[in-house]
Every structure is written in structure tokens, then in C-alpha cells.
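Subject: Structure for you to look at

Hello,

Here is the structure I said I would pass on. Please open it alongside this email; my notes follow below.

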Amino acid sequence: MIKKNNKYFYISGIACIICLGIILRAAAYCYDKSFWYDEAALALNVMDRNIFGLFLKPLDYVQCAPFLFMVSSKLLTSVFGAKESIFRLIPYICSILSIFAFYFLSKKTLDKRWSILTANFLFAVNLQLIRYGQDFKQYSVEVFATIIAILYLERINLESISVKKCILTGFVFFALFLFSMPAPIILTAFLFYLLYKNKKESLKQIFYIATTFTLCALPYYLIYLLPSKKIMLKYFSNTWNPGYLSINTGILKDFIQPFFEYIFAPNNNFILASALSLIGIFLFIKSKKEGGILLLFIVSTALAFSMLHFYPIYARLGLYLVPVIILLITKPLDICAFNTIKSKAGSFIIIGMLIFCFRALNVKYFISFANPKIFHESLSREMMSLIRNDISKNDVIIYDGESLAACIYYLRYFNMRDVKAIPISSITADNYQDLYRGNVWFYFTHHADKKEHVNYVKNLLHNSGNVKILFEKEEFGSYIAKVKL
């Protein structure tokens, strides 16, 4: 009777957790927030290019995204229209599917029901996974692709991998690579794991898998990804560099701490998270469970790729590792037992560490999801709507570099293609007089980290005797003003 009750509690618990994860993601998706810069920039690339144009040269507006992710978005918006909700549909669907996929992965790698329940709860309510499940970016797709890849590899019989299976695996990972940037990391980890398991006997299988993948992926990398990577490093080197592990890096403070505090926000107990992860690593090594060992190879390979400057582990670029890290953190619950005083003491310590580590997942955390603006980074659509309702024929919109993509996208969205919009950097003494023909609108969005741009314009407007401010609004890092010179 007790076992039946435990099974009922387990099934009910998993069902509630899955429903909670779906509800949180659906609520975030239905809030239909404005595009921020990267979303608008990717959307413009989809709208302005055909399929071949998406592949043959780097994306505009300093963007990079997997090719088939862009193509799928192109096909979807061609059928249903270029709306924010349609652009975000693929990431949203993948974020929902990843909940179910992670459940099956947790069953493969964890032993105890309470471990599985805890892991799935942490996955279902993870703030970053929910956030990127309603953003037109590829990161929730990469999380789903990583879980699917691990489940696929875990099913392979390592003792007798046929040549046909090896070639198929190479093709499968090439297809995943077209959707997910970290796919080569997962495949490389599997090849090292194969070598670890079967030693020299695996060299033939490794050759067929690696050759198939390389022959397919190399042209894609050279033509599509490499030029994009050079551009990204040129403009975002300061952003990417913290994600590259080096001997000069303060590993705990400068690398592990930002990683844990980002992927498990708003929790910031990276020391406890690291301690639980180390215990989980030890337990996976001790158990020699195939799925668990593969997870360790994935983490090791991700670190190696970071050290070699192939792919950084930084902020959202490391989200594909979230399922792996959650499994490492919850693995210590597998050794919890309450049959002796010693086991009870150890179990309470582990449970206490886990609860304290994730204590920010409280009632206040879940109530915050009732706020429709929880994931807002700007009000670019709302601000452009205000301009549309009050703009005159000779008015001019001035935007800055951070607002370029949003300005172009929402001018089209509101059918304002005839409105003159110019970047603030292009205004010179020669064309300054053109602004006197009508009112001037300042349109600045996504300024969470660059408020000085907004403050400069506000000070200029308020301290100039030749400017009459007709309208002004600032909210969520977005700022618009209507002035008469």
C-alpha cells in the first residue's frame, strides 16, 4: 500500500511539475512583449532575405543564428505573417518539448524518485529557460537539441556500433548543428566517451562518425559560421572573452560564479551549487552509469572548447548546459537515506544545501510571473505606437545604434515606411536644417546598460532655450520625446 501511495505521489508530482513548467512558459509567451534589439535584428534578416541569402553571407545587424533556425522561421512567417508571436513560436515549442525530453533524460541518469522530482522542478521553473522560451533567439532550441542529442547517444549500443549507425550518427549531428551551435561539443564529448569505453576498438567507429560529420559540417562552418564569428568577435569581444576559460582566469570568481548566478538567477549561491555539482560528479564516476559518464564528458568538452576559444560558456551561450548542470546538482539526492543516524545526518545536510542554494524559488518568485512586464527589456513597440498616433508628415525620427533594428522593424510593423528616420550619428551641420521642416522625435530603446545616451539627450533638451518639448516618456529603458526646434 505504501509503495502504491509513493508511486501515486511520484506520478502526481511529475504531472504537476510539467504543468507548472508549461503554464509559466505559456504565460511568458502570451505576454507578447516588444522585440528587443537582437530579436528585431534577427526578424529583419528573416524578412529581408531569401533562403539562399540567409546562408551566403553573414547576417546583418551583427547577428548570428543557426541556419535552419532562420530558414524555419522564414517559412513559418511566410505562411502566418511576420508577427512577434510567430517569430517566437519555434523557441516556444522547443521550450515546451524540452520539459518532456528532460523528464526522460532525468529518468536515465538519476536513480531515486525524489531526485527526479527535484531535477524536473528546477528545470521547469528555471528563469532563463522560461525567458528564452519566449524570445526570438535560438537558445531554447539549443537546450532542446542538447537533451535530444544525449537521449539519442545514450541509446546507442557501444559494444557493437555498425558502420551504418556511425554514418547515421554523423548525419544526425550535422542536422542538429544546423539548429544548434553546441552540437559539435556534444558529439566530440561522445567520441571521447566512446574511446574511453572501448579503447582502440572504437577507433573505426570514431573515424566514420567524425568523417561523416566533418564532411557535412565543414562547408557550413567555413561559409556561414566562420565569417559571422569574426564579426561577432570584432564587435562583442568584451562580451565573449569572459566565457573563454584560461589559466589567467580566476576560475571560481570570474568564471564559475557568473555562470551559476546567470543560469540559476535569482539564486546566487554558486559555492553551494559548485559543491553539489562536485558531489554529483563524484557519484556519477563512482556509479559508472553510462548516461552519467557521458554528462561528465560533455561538461569537460565544453570547458575544453572554451579554453581553445572555439565556443564560450557565457550567459545565454551556456544555456545548453543547464540540463546537465541540474542533473549534477540533484544527483547527490540519490544517496539520501533515512535508515540510520549517520545516513539521516548526511541526507539532511544534502537536502539543506539544496534548499538553501535555491531558496530564491519562493512564493515571491512565482508571484512575479503574474507581472506581464517581467521579461521586458524595452517598450520599443509601445513607444513606436505612440509616435504613430501623433506623427505628422514632415516629422523626423532620430534613433541611436542600439535602437536601429527596433526602429526599422516597428516602422514596418505599423506601416510607417514613408516616415523619415535617421541615426543620430549621421546628423551633421549640412543636414541639420532639414530637421526644421517638422517636429523631431527621439526614439531610444533597450538602454538598460547605456542610460547615459538617454540622459545626454534629456539634458540637452531640457537645458536648451531653442527647444520646445511637446511630449516625453521614459519606461523600461526606452525613451521617446517629441520636440519642436
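Ser-180 touches Pro-66, Glu-142 and Ala-145, leaving aside neighbours within four places in sequence. Ser-180 sits in the loop between α10 (163-177) and α11 (183-198). Is Ser-180 buried or exposed? Ser-180 is buried, at a relative accessible area of 1%. Please keep in mind throughout that this is a predicted model.

Helix α10 also holds Phe-171. Phe-171 is partly exposed, with 44% relative accessibility. Its contacts, apart from residues within four places in sequence, are Thr-212 and Cys-216. The C-alpha atom of Phe-171 is 6.1 Å from that of Phe-213, and these two residues are 42 apart along the chain.

Cysteines

How many disulfides does a search of the whole structure find? The search finds zero. Cys-16 is in no disulfide, and the nearest cysteine sulfur belongs to Cys-19, 6.6 Å away. Cys-16 is exposed, at 53% relative accessibility. Cys-166 is in no disulfide either: its nearest cysteine sulfur is that of Cys-216, 14 Å away. Cys-166 is buried, with a relative accessible area of 1%. Cys-216 is also one of the contacts of Phe-171.

Helices α13 and α14

Helix α13 covers residues 251-263 and helix α14 covers residues 270-287. Their axes come within 9 Å and cross at roughly 90°. Which residues make the contact? On α13 they are Leu-252, Ile-256, Gln-257, Phe-260 and Glu-261. On α14 they are Phe-270, Ala-273, Ser-274 and Ser-277.

The loop between α13 and α14 contains Pro-266. The peptide bond from Ala-265 to Pro-266 is cis, and its omega is near 10°.

Aromatic rings

The count of aromatic pairs comes to 36. One of them joins Phe-259 and Phe-260. Their ring centres are 5.7 Å apart and their planes are at 65°. The pair is edge-to-face, because planes over 60 degrees apart count as such. Both residues are buried: Phe-259 has a relative accessible area of 9%, and Phe-260 has 7%. Phe-260 is also part of the contact between α13 and α14.

One aromatic cluster is formed by Phe-35, Phe-69, Phe-87, Phe-136, Tyr-409, Tyr-410, Tyr-413 and Phe-414.

Two charged side chains lie over rings:
- Lys-199 is over the face of Tyr-196, 5.7 Å from the ring centre.
- Arg-359 is over the face of Phe-356, 4.0 Å from the ring centre.

Strand β1

Tyr-399 belongs to strand β1, residues 396-399. Tyr-399 is buried, with a relative accessible area of 9%. What does Tyr-399 touch, not counting residues up to four places away in sequence? The contacts are Leu-404, Cys-407, Ala-421, Ile-422, Pro-423, Ile-424, Tyr-443 and Phe-444. Trp-441 lies 42 residues from Tyr-399 along the chain, and their C-alpha atoms are separated by 8.5 Å.

Positive phi

Two residues to check for backbone angles are Asp-32 and Asn-415. Asp-32 is not a glycine, yet its phi is positive, near 55°. Asp-32 sits in the loop between α1 (2-30) and α2 (37-48). Asp-32 is partly exposed, at 29% relative accessible area.

Asn-415 is not a glycine either, and its phi is positive at about 55°. Its place is the loop between α20 (404-413) and β2 (420-423). Is Asn-415 buried or exposed? Asn-415 is exposed, at 66% relative accessibility.

Best wishes

Terms used: Residues numbered from 1 in each chain as written. Predicted model: local features only at pLDDT ≥ 70, side-chain atom pairs only at ≥ 80, totals over all residues. Heavy atoms only, no water. Disulfide = S-S within 2.5 Å. Buried < 20%, exposed > 50% of the residue type's maximum accessible area, 1.4 Å probe, protein only. Phe/Tyr/Trp six-rings, centres within 6.5 Å; stacked < 30°, edge-to-face > 60°. Lys NZ or Arg CZ within 6 Å of the ring centre and 35° of its normal. Helix = DSSP H or I, 4+ residues; strand = E, 2+ residues; numbered from the N terminus. Contact = heavy atoms within 4.5 Å. Axes fitted to C-alpha atoms, helices over the stretch in contact; angles between N-to-C directions.
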